[in-house]
Amino acid sequence: ATLPYDDANIFARILRGEIPCQKVFEDDFALAFHDIAPQAPIHILVIPKGRYVSWDDFSATASEAEIAGFVRAVGQVARDNGLVAPGYRLLANIGAHGHQEVPHLHVHLFGGRPLGAMLS
Ligand code: 5GP
């Protein structure tokens with residue numbers, strides 16, 4: 001089961017403006033910013049603005065507008081950052097086995113070099 005949302009998590013603090021981020025996109029539904037420890041030349045995180053721990057609670061309880069907004073934001077960020085033509089990787093770590101470290105839903109966009117078969 002999905003954990004209850006923790007308002008003290010680092011991305012909640014970024015959303016509240018308590019911690020700075022290198023923002024690349026923001027609208028009513030999503031925020032995107034550079035990962036603090038990039039694993040590729042381009043490594044951007046996209047998060048919904050709502051209080052969702054993971055894909056699980058987001059997909060089950062978010063509104064159609066929130067889901068559409070988030071999905072569209074991911075595509076917009078990929079286009080705006082030159083990822084589409086060369087290609088990129090979209091990844092979400094979910095829960096313990098997925099090695100999710102921050103309990104606010106986020107997707108990683110990796111690009112800027114050929115990425116190989118997997119990122120470990
Ligand atoms: P995951 O939860 O999917 O394992 O990954 C969390 C990601 O958030 C990691 O890639 C980590 O580098 C990134 N991260 C953790 N704390 C911060 C932060 O304070 N600012 C930014 N921009 N990224 C962070």
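**Reading a predicted fold**

Q: What share of the 120 residues in the protein is buried?
A: A residue is buried if 20 or more other C-beta atoms, placed from the backbone, lie within 10 Å of its own. In this protein, buried residues make up 25% of the 120. This is a predicted model: local features need pLDDT of at least 70, side-chain atom pairs count only at pLDDT 80 or more, and totals for chains, interfaces and linings use all residues. Residues are numbered from 1 along each chain as its sequence is written.

Q: How many helices and strands does the protein have?
A: Helices (H or I, at least four residues) and strands (E, at least two) are DSSP runs, numbered from the N terminus. The protein has three helices and five strands. Along the sequence they follow α-β-β-β-α-α-β-β.

Q: Which strands pair with S5?
A: Two strands pair if DSSP finds at least two bridges between them. S3 (residues 42-48) pairs with S5 over five bridges, antiparallel. There, Ile42 faces Gly111 of S5. S4 (residues 89-91) also runs antiparallel to S5, joined by three bridges. Arg89 sits opposite Phe110 of S5.

Q: Why is strand S5 (residues 107-111) described as largely enclosed?
A: Four of its five residues are buried, so the rest of the structure largely encloses S5.

Notes:
Buried ≥ 20, exposed ≤ 12 C-beta atoms within 10 Å, placed from the backbone.
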